Amino acid sequence: MTTQKPETAKAAEVAVGGGAANAAGATGLANVAGAPEFMPKIVAFCCYYCAYSAADLAGSLRLQYPPTIRVIEVPCSGKVDPVILLRAFEEGADGVYVAGCMEGDCHFLKGNFRAKKRVQAVKKILDQIGLGGQRLEMFNLSAAMGTRFAEIATDMTRRIEELGPSPIRPEALAARKAAAGAKEQGEVKTR
Amino acid sequence: MSAAIAAEPKVAGAAAGVAGARSAAEGAGTPESKYKTGSRLERVLRDGHFAVTCEIGPPQSAKSEKIREHAGVLKDVSDGQNLTDNQTAIVRLCSLAAAVHVKAAGGEPIMQMTARDRNRIAIQADILGAASLGIHNLVCLGGDHQTFGNHPGARNVHDIDSIQMIQMVRAMRDERKFQCGDEIKTDEPRMFVGAAENPFGDPFEFRVRRLAKKVTAGAEFIQTQCIFDLKRFEEFMKMVRDAGLDEKVYILAGLTPAKSDKALKYMQTVPGMKVPDELIKRMAGAEDKKAEGVKITVEMIQAVREIKGVAGVHVMAIAWESIVPEIVEKAGLLPRPRVA
Amino acid sequence: MIVAEPKPIAEVAGLIKAAKHVLVVGCGECVTVCQAGGEKEVEILASALRILWKIEGKDGTIGTQTIVRQCEPEYVVELAKKLKNADCVLSLGCGVGVQFIAEAYLDKWVVPGLNTKFAGGTVKAGIWEERCGFCGDCVLHLTGGICPIIRCSKSILNGPCGGSQEGHCEVNKEISCAWQLIYDRLKGLGKLDLLDVIQPAKNWQTSRDGGPRKFVKEEAMIE
């Protein structure tokens, strides 16, 4: 399943303008003419008892969802620490989500409530550092919800496509550095 | 009609009327005599009259005209006029200076001092200063917390509390000692010491015990928080009598004339105030709200006069000082008694 | 324990702006308990700041180290190795920790990542409240174990004041009136007569009013 780039027209506009970064955090990379389409890198922390089982079920049912999701199995969504959510972003993830059991049905009773609060706290941090809390989300589903799993994956992918690549993707950082270098050289030439 | 004590020699200038404040002719009071201070309020109370005190709120500026104006209006209808001390933690012309202005206008100032803004060093210094300027009455208060005022970021002092302040002021007068124990070698400040009490504060059962503490510490008169709930005040006074406190301290019932039912509703929100709903209904139904407010206050004065142990009333009409003469007259409390 | 709160990230970012190599230092004692500056919080903050620097296009490194406690020179020296190449220390210790680090590394720019608030304890998971006023002359035996210096907004020793209403302090409804608490506690213990005694004016010299304080235990001094 290929992804549609919703901002083609905008991209052309921006490319003409020299590839400056837009407010949503997109870099010059995706908007430079000739660059590959933006394929989001999304990390999904899925709890063994519900979310991961739902992922298995989605697979058995041959349900289609974007190939953007990297699933990481955890024994309980409550095992997810704010540190690893931030680390995922630090390593270049465009989006992250935590998927746990339905509220009230957590195998370890309150794990998913802890996860919910931690996700809220990290969303705030992401807003404060300019990455944007929308790149992180918490979802709840049961082991029987294969369809829901695929739906979440699709919805999150769409959201991240709209937000654009993370401004700190290694390629984005490299491109920015190159652009900065070129600009400086240009300045030197005109002096 | 004026019951001022001996007239002081007037001195031209801002501090008029304070020279000779401590002369024997004025009756500064001695440890041996019936009257401990030169206070008119003390004389009225010790002579057994039903006392009337009222309040003047100093301005948020250096202007003294209004203070003198109010003093002029109130001096003949009351035995003492309180000057509030940075009330609700809003910076105002200080009580000491305002008291000097009241005295210059012929009134009987009752200075107020909070524990919130000054440490024991400053308080004692201000008391010496006040006494040297002919001020004889001092009410010792804790003070509203500064978060209520316009300088919430100020460091609050509370070096001593109101009870410790009462002890300190009495010791300066009767033992001629500073708080540290050093002797006051001459001209000790002789203050008639008062305190406040809230008959509606919590814990209710403890209020009278705390009043007893203030009396033990040396409070000579008490001005209560304004009363609207007569029943609760009667309960309070019964507990006071049962503890024998009515014989040891002069209790002045606090009253405030309300201008409207809105004003009463607002007072319901102030911590430490209890306003019965019937009163608000009564006000709401009245055509001339101000007149009704006066009527209610007059009725309250007459009611508290009947309660054994109440030695007077403290009429707090801040921003409506002009109404006090009418209230005092209608309550049958004029003329004010002549005292030596 | 000492309870502290993290400074807003924007403020912290401003403090380390001019630096190139920052070491974020945590403390394993009080601030770990109140979850403001322990190892976890250090890693979270460091990661967040690295992301921030990357977004701003800023070059530099942000490293981390958490020691047993910052208020003890014998642990502070353990920072030496990682500090060699650092030009800034962001301490997530309480105010005491920040100062001990600054004193031990005079050539390093040391900045606080926390606002140290009070001495208190855990009321409930996630809620810490102030309890001790550090007056230096404890009178908790007179008040049934409730500190009037710090739990009463006016530090009254002969309370309550007139603003106590339904067990709340006049300052705001969330604060219990300490003297209501004291009254209830002593009533339950049958010791209400303690409240009839007039507590004299306090000698504040043992408190911060007398100047910075010191405690020396001779037999613990090894030369």
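**View 1. P335(B) is found in the segment after α11 of chain B.** Helices are DSSP runs of H or I with at least four residues, strands are DSSP runs of E with at least two, and both are numbered from the N terminus. The model shown is predicted: local features need pLDDT of at least 70, side-chain atom pairs count only at pLDDT 80 or more, and totals for chains, interfaces and linings use all residues. Residues are numbered from 1 along each chain as its sequence is written, while chains are lettered from A and ligands numbered from 1 in the order in which they are written. The peptide bond that leads from L334(B) to P335(B) is cis, and its omega is near 0 degrees.

**View 2. A cis peptide bond in chain C joins G159(C) and P160(C).** Omega of this bond is about -5 degrees. P160(C) sits in the loop between α7 (148-151) and α8 (178-189) of chain C. As background, most peptide bonds are trans, and most residues other than glycine have a negative phi.

**View 3. R176(B) and D187(B) belong to the loop between α5 and β5 of chain B.** In this loop, α5 covers residues 162-175 and β5 covers residues 192-197. R176(B) is not a glycine, yet its phi is positive, near 55 degrees. The phi of D187(B), also a residue other than glycine, is positive as well, near 50 degrees. Are these residues buried or exposed? A residue is buried if 20 or more other C-beta atoms lie within 10 Å of its own, exposed if 12 or fewer do, and partly exposed in between, with C-beta atoms placed from the backbone. R176(B) is partly exposed because 17 other C-beta atoms lie within 10 Å. D187(B) has 12 C-beta neighbours inside 10 Å and therefore counts as exposed.

**View 4. Eight strands of chain B form a closed barrel.** The order around the barrel is β1-β2-β3-β4-β5-β6-β7-β8, with parallel pairing. Two strands pair if DSSP finds at least two bridges between them. Direction ignored, neighbouring strands of this sheet are turned by 30 degrees against each other on average. The axes behind this angle are lines fitted to C-alpha atoms, for helices over the stretch in contact, and angles run from 0 to 180 degrees between N-to-C directions. β1(B) and β8 (residues 310-315) of chain B run parallel and are joined by four bridges. T53(B) has H314(B) in β8(B) as its bridge partner.

**View 5. Helix α2 of chain B, residues 65-74, has buried residues.** They are I67(B), H70(B), A71(B), V73(B) and L74(B). These residues lie on the same side of α2(B) because they cover an arc of only 160 degrees around the axis. The arc is that of the directions from the helix axis to the C-beta atoms. What covers the buried residues of α2(B)? Among the covering elements of chain B are β1 (51-56), β2 (80-83), α3 (95-104) and α11 (324-330).

**View 6. Chain C touches chain A through 13 residues of its own.** These are in contact with 15 residues of chain A; two residues are in contact if their C-beta atoms, placed from the backbone, lie within 7 Å. On the side of chain C that touches chain A, α1 (9-15) and α3 (39-55) of chain C each supply at least two residues. α3(C) gives the largest share, ten residues. By class, this side of chain C has seven nonpolar, two polar and four charged residues. Ala, Val, Leu, Ile, Met, Phe, Trp, Tyr, Cys and Pro count as nonpolar, Asp, Glu, Lys and Arg as charged, and the others, Gly among them, as polar.

View 7. Of the two pairs of chains that touch, chains B and C have the most contacts. No contact joins chain A and chain B, and their closest C-alpha atoms are 28 Å apart.
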